[in-house]
Amino acid sequence: MKYSELFCQSHYSFLCGASSPNELVTTAAFLGYDAIAITDECSVAGVVRAYDEIKHQSLPIKLIIGSYFVFDRSLSFVLLCPNKQAYSELCRIITNARRRSDKGEYALAEWDLRTIRHCLFVWLPSGNQAHDENWGNWLQKHPNINTYIGAQRLLDGQDHHRFAHYNHLQTHYSFPVIACTGVLMHHADRLPLQHVLHATRLHTTVNKIGRKALSNTERSLRPPHKIKKLYPEKWIANTNTLASQFTFSLNELRYQYPAELVPKGYTPRSYLRACVEDGITKRFSEGISSDIREIIEKELTLIAEQEYEYFFLTIYDIVQFAKQQGILYQGRGSAANSVVCYCLEITAVDPRQVNVLFERFISKERDEPPDIDVDFEHQRREEVIQYIYNKYGRERTAIAATVICYRFKSAFKDVGKALGFSESQLDFVIKQINRRDRVIPWQSQLAALGLHPDDTKVSQLISLTEALLGTPRHLSQHVGGFVISAGPLYDLVPVENAAMEARTIIQWDKDDIETLGLLKVDVLALGMLSAIRRAFQLINKQFPIPISIPFITKLGDDQQVFDMICKADTVGVFQIESRAQMSMLPRLKPQCYYDLVVQIAIVRPGPIQGDMVHPYLIRRHGNEEITYPSKEVKKVLSRTMGVPIFQEQVIQLAMVAAGFSGGEADQLRRAMASWKKDGRIFEFKEKLIKGMTDKGYDNEFANNLFEQIKGFAGYGFPESHSASFAVLAYVSCWLKFYFPVEFYVALLNSWPMGFYSPSQLVQDAKRHGITVLAPCINQSNVDHSFLIDGQKKHIQLGLSIIKGLSDGAAHQIVKGRPTNGFDSMHHVQQLQLQRNDLQALASANAFRTLSGSRYQTRWEMMNTQASLPLFDHKESETHTIAPPSEAENLLEDYASTGLSVDSHPISLIRRQHKFNDISWANTLVHKKHQSIVKVLGAVTGRQAPGTAAGVTFLTLEDDTGNINVVVWQATARHQQKAFLKTKILQVNGILEHSPEGVIHIVAGKLIDRTQWLSKLQVKSRNFH
Amino acid sequence: MLWTYIYCYQLTLDNHQQNSTDEHSSGKADTDTTYPVCVYCGNTNRIIQLNHAAQKIGIEVGHGLAQAAALCPYIHIIPFNKDNETQLLKQLAHRLYPLASDIVLDSHNGLAIRLDNLVQYYGGHNALWKTLARELSLAKVHYHFANAWTIEAAKVLAFHQTNAYFHSHEQIKQALAKCSLSLTALSDKVKTSLKRVGITRIKQLLDMPVHELGKRFDNNTITYLTTLRGEVFPKATLFRPSSYFNNAMALPFDIENTQHLVPFIKQQLEQLAHYLRARNLHTSSIHVAFHFREAPIMCFPVCSALPQSSIESWLSLLTLKIEPIVLPEPVISVTLKCNEFDDMDSESSDFFHNRFNEIAQKQLIGRLNAKLGDNSTYQPQAADSHQFEFMTVAERNTAHYSYASDITPTFTFETPKPLTQQTQICFGPVRLSNEWWRGSSYKRDYFIAQTSHGVRMLIFKDESSQWWAQGIYC
């Protein structure tokens, strides 16, 4: 028997539907449905998933696009799209309804209904006679609306009323009746999950939803033979006739680029070529070699074949704007590292330095869309976004959505609340569960927390939490993926409001966009670009050199810079500054740009979990012969010494070694990206291993490759991104080496960014022999700056570092400052600054040159009589307040500016206590390997990477440097108090020297010494 | 003037420990040493009171819940309730009232007692303080104390944990000088201002020239400083015992079974009996309220046919009354109130022992009422459930009878009965999936069927094709 379901909500009807679009279409196809409509509530967010599933699984079912709406309590209906016009109409209606309301809400107006011309209107009568007669009359008066009555049979004891009502309406208004279910689950066993979602929506518990809950599982996909028993034949026939009229498919959607990018007289192709030729004269002023010309021609041909000209031109236009505004940027991604992009000034990766093969990034065979992400200075990205909005208009521009899914904590909490567990208990349990514990899964940990899995309620909590994990919760805004179109975007996809004011998002996420072949432009923010631009400006003020990223990269690999990198002297630089990267640098010893590309990609969970780091290092140092199982594999892996480091290599391996087709490889890439969510990667395991063994590779090699792919999943780092990051890493190292003062000043001015706090940056600067001066009312500018004192440059901290000082006040001080500076407190008070601003300045001891100490400053400021008009003269203070101690000064410095330039907490402690047996950071290098040492420092970082099997890496900072401490899980567990709470920590442990010169202390005993400086506010970067 | 200030820094915890000890009075070890207990203030996310066991683990006053839980996952947490603690403080004041009349309650954890006018009755300072200290130790509260010329000064010294009885002004002055400014009642703003110029001790402040302070601080601050010096004596509102009995008891642990509540209610009744005996009163009604974590408060009166004052009479009535009560969730505290009293008269009463008289019959009725409820007639009422078993519930005093739906039977069987008669189906099916959260899972198709005698029944067939009757229609 034929049947098509025309009313079906997936879990993109948030907190209502309990099955994914994929499950719905797969089950419907299995049951033998002819067609299924995915009709989420005022949304088409789920349709692309369904479309993709049908396409990839080649399911024999037709997908109908539609949406369910609730106008008010008296009217609900489904709109279905028989053709492209109807689809555009639906998108417009959804957009209007969504744009009128806050994020996540919608409000239909009667006007929306009146304008329906192409969509089919399936009316779902409310059952209330007065309401339905009212709407029946209304619909009859609007013959442009093609109306059907949607009849539901739900076996809930009310069917006889409903059927009588449907017959009455049909007789009265002559609208044809169709059979529909209003599916909320693909299978009956999802009822508990649906109840949980329903209870969450109503903010209640499952046992209190009462009669509002579904009473049975009839709102699941029912087999057609059962449908036949439930509905009159005529209604089913009407349904099938209607379903057969739908011809629209998502593959009809054609994305059109904005046409205004191409000037008159040009075609997109000729304009792109003109831009590239123009770029060649800029980038290759000394002339272009024939092989580069050849690559450019090849790339242009490929771009023309794939019709990607508009994409490149769109990005070209955006970066040209950034360039004009002096906003630093850098492109990255699969297509960004092409010579064409270098010529278009999208990227600064010089093709002559890197052996970049464009095909490696855009593959015609793989049919991947080109990927170019452009990073802009983080503090100026908004200018670029506003430029895009202004240029293309809000109707044609929106940001891609990100589907926020249930994660463990939210799923556990919502299910727990729905089952009636108290919130405080759930909070407690969530805090106690260690999700990183690989030995004991969270389900088993519950028992230890008083929730025994044998208990029915607890077992329901576990199974429903597992079912809810990964289910979409709401739509959010992608970090920077713009979709720009030629016409109004709402013809293509509905647009809705985001949480952020004046931002709109489309209802599809990046995977959906990719599925439909729409192109998005990623406009991202990067703090390091702000810092580099500032450093350039500071250098330009002193030296008339055309310093820029390409300028530095053109100078070639500088050995002195690489020597600095090899010593891991990389605090503050881009990417290779983290604890893990720094400990790898002396082992990998990068000597050229490409080594940096590898360095950035290798310290990632993918290569670490895939056990690729050690083999690479051994081979790099020539301690192991490099072998390849075949020529094809050699071609893929030769640039990384036979070890797969990059995501692209893994995909290429699947193609050359396991015989994956381009399309399959693309699916594998996408499965890798969403492994954590749906585990689809395992679908490829058998095919991959079989493919490889068939081609003669041994089983072990095949299994290893699959493990590596799994390791890469979600964490893999593509070479195309690493290549761009390496440029910025190198440029920042170059700046740090040649212009350290400018570099630190630029970093501090660009903060918050990067891995280190201003305090750590200042400590690092001091260790490099740079004098750092505290903020001063008479010396500081608003931003940090440098002072030249004879031959030496000092860093002068700016007023902006003072917490609580308003921006306006800082500017007012700098503007109103006399040439010789202020001569008294009274003089400053005449600027009429706010009391809070003066307090903030006093706290930072910015008046030290005027009143001696911060206590005396405050005492003078507290005198309310001094500010009265009659007393408006300089009154000398008779009472002198005792100045703060050095420790008090240090504490206030940290509280007010987050750092102290005068002393280090540890140096203060060293003066107060006698330490004969403590080793300081700068002396550790002289200690013997495996010797027992005691170290003391402020805890500035706690990291417990998922790859490190329970090990925590602590970073201690003393006044001579940083100390790396390794804490094993058992040590941490037994000394939890010291481990978790401590700000000043003493560690007694064993010192380990690696052959490459990396020093670690393996912690034995942890002793909390915080009481020595109890109020210190040292910020630790914990478990990020 | 001379005042002593008693700072009860862990009243809630003391009450918990006391209740736990009473509960385990069968000889078990002091609970203090067995497991860590903390009182947690949800508003500030701070641990504010904790026992030795908790201190040993490393938990400190001021920790957040997460930090405390990270140090010990098995910690017993008592939520702090300011009203409850104030109630406990009042109970303590009631206890001290027979010994000292001038008592001032301060916040929820401190009380001040005026000493200078009592010394003559007790024959000296030592005897007076010993009497008070003995009563405090009987009350089993932990406290810090000190005496000084004003309540404000004594409070600062008590907060400083001076725990000394001073006999001279010079001693008080020296002790005050050592105290930190943070212990004073100066506003946070003033304290912060002073701290920010390095003034952190009371001595530094008292040494400061008054005109310098006057330029910088308002009158309230200056007045407070003079009270600390003992130059001004602000008026204070004295404690007056309440005219009715109200006792709130936070339970040491959540109690699910009403039987287990009895020992705690007994303690409250003891206090009630003490209250009544001291006033020569008895009562015929008391009000009990159970407090839950999430569910609304459950209040009910317990009435006696004739006025009573003995613990035993009230306990037996209360036991009967609470026995049938089904608790929606565990009880966390119990309140006992009594505000209707009768005077004892010499004819009907001798409050020194129990008695039996002709009104015993009334007592029986009172007991039956307590056992069966004031109104033992019930009416069915539609419940908010799809399931027929739970669709009608019996409720007292309902004005209207309603059905959940038009197929709800008039009488629903709590457990289905096997269908033994020939029937003919006249409506259906109505498909119901049962409420899975109750533990079992089944799906049934219900039908309305009619017997040959015209009786209409709600029937269903189970998975083994056995037919069952679920209810009958009238």
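Chain B has 16 helices and 19 strands. This is a predicted model, so please hear everything that follows as computed from that prediction. Of the 474 residues of chain B, 33% count as buried. If you take contacts in chain B between residues at least 6 apart in sequence, 58% of them join residues at least 24 apart.

Let me start with the strands of chain B. Strand 9 covers residues 281-292 of chain B, and it runs antiparallel to strand 12, residues 342-343, with two bridges joining them. At that pairing, L281(B) sits opposite D343(B). Strand 9 of chain B also pairs with strand 10, residues 298-308, again in the antiparallel sense, this time over seven bridges. T283(B) has Q308(B) as its bridge partner there.

Next, another sheet in chain B. Three strands form an open sheet in the order 3-2-4, and the pairing is mixed. Which strands stand at the edges? They are strand 3, residues 46-50, and strand 4, residues 76-79, of chain B; each has a single partner strand, so one side of each has no neighbour in the sheet. From one strand to the next the twist averages 40°. Strand 2 of chain B, residues 37-41, pairs with strand 4 in the parallel sense over four bridges. In that pairing Y40(B) stands opposite P79(B).

Now the contact between the chains. Chain B puts in 32 residues and chain A puts in 36 residues. On the chain B side, the elements giving two or more residues are helix 4 (65-71) and strand 16 (423-433). Strand 16 of chain B gives the most to that side, with five residues. By type, the chain B side divides into 14 nonpolar, eight polar and 10 charged residues. Strand 16 of chain B also holds P429(B). The peptide bond from G428(B) to P429(B) is cis, with omega near 0°.

Over to chain A, and helices 36 and 37. Helix 36 of chain A, residues 740-750, packs with helix 37, residues 758-767, at an angle of about 175°, and their axes are 10 Å apart. The two helices of chain A are therefore roughly antiparallel to each other, since angles over 145 degrees count that way. Helix 36 of chain A makes the contact with Y744(A), L747(A) and L748(A), while helix 37 uses P758(A), L761(A) and A765(A). Those contact residues are six nonpolar, no polar and no charged.

L748(A) is buried or exposed? L748(A) counts as buried, because it has 25 C-beta neighbours inside 10 Å. Leaving aside residues up to four places away in sequence, L748(A) touches P758(A), L761(A) and H784(A). In the loop between helix 36 and helix 37 of chain A you will find P752(A). The peptide bond from W751(A) to P752(A) is cis, with omega near 10°.

Further along chain A is helix 38, residues 807-816, where A809(A), A810(A) and I813(A) are buried. They cover an arc of only 100° around the axis, which puts them on the same side of helix 38 of chain A. The face turned away from that buried side carries exposed residues D807(A), G808(A) and K815(A). Among what covers the buried residues of helix 38 is helix 40 (835-843) of chain A.

Last, two backbone angles in chain A. A568(A) has phi near 60°, a positive value in a residue other than glycine. A568(A) is in the loop between helix 24 (559-566) and helix 25 (579-588) of chain A, and it counts as buried with 20 C-beta neighbours inside 10 Å. K589(A) likewise is a residue other than glycine with a positive phi, near 50°. Its loop runs between helix 25 and helix 26 (593-602) of chain A. K589(A) is partly exposed, with 18 other C-beta atoms within 10 Å.

Technical notes
Residues numbered from 1 in each chain as written. Chains lettered and ligands numbered in written order. Predicted model: local features only at pLDDT ≥ 70, side-chain atom pairs only at ≥ 80, totals over all residues. Pairing = 2+ DSSP bridges. Contact = placed C-beta atoms within 7 Å. Nonpolar A, V, L, I, M, F, W, Y, C, P; charged D, E, K, R; others polar. Buried ≥ 20, exposed ≤ 12 C-beta atoms within 10 Å, placed from the backbone. Arc of directions from axis to C-beta. Axes fitted to C-alpha atoms, helices over the stretch in contact; angles between N-to-C directions. Parallel < 35°, antiparallel > 145°, perpendicular 65-115°, else oblique.
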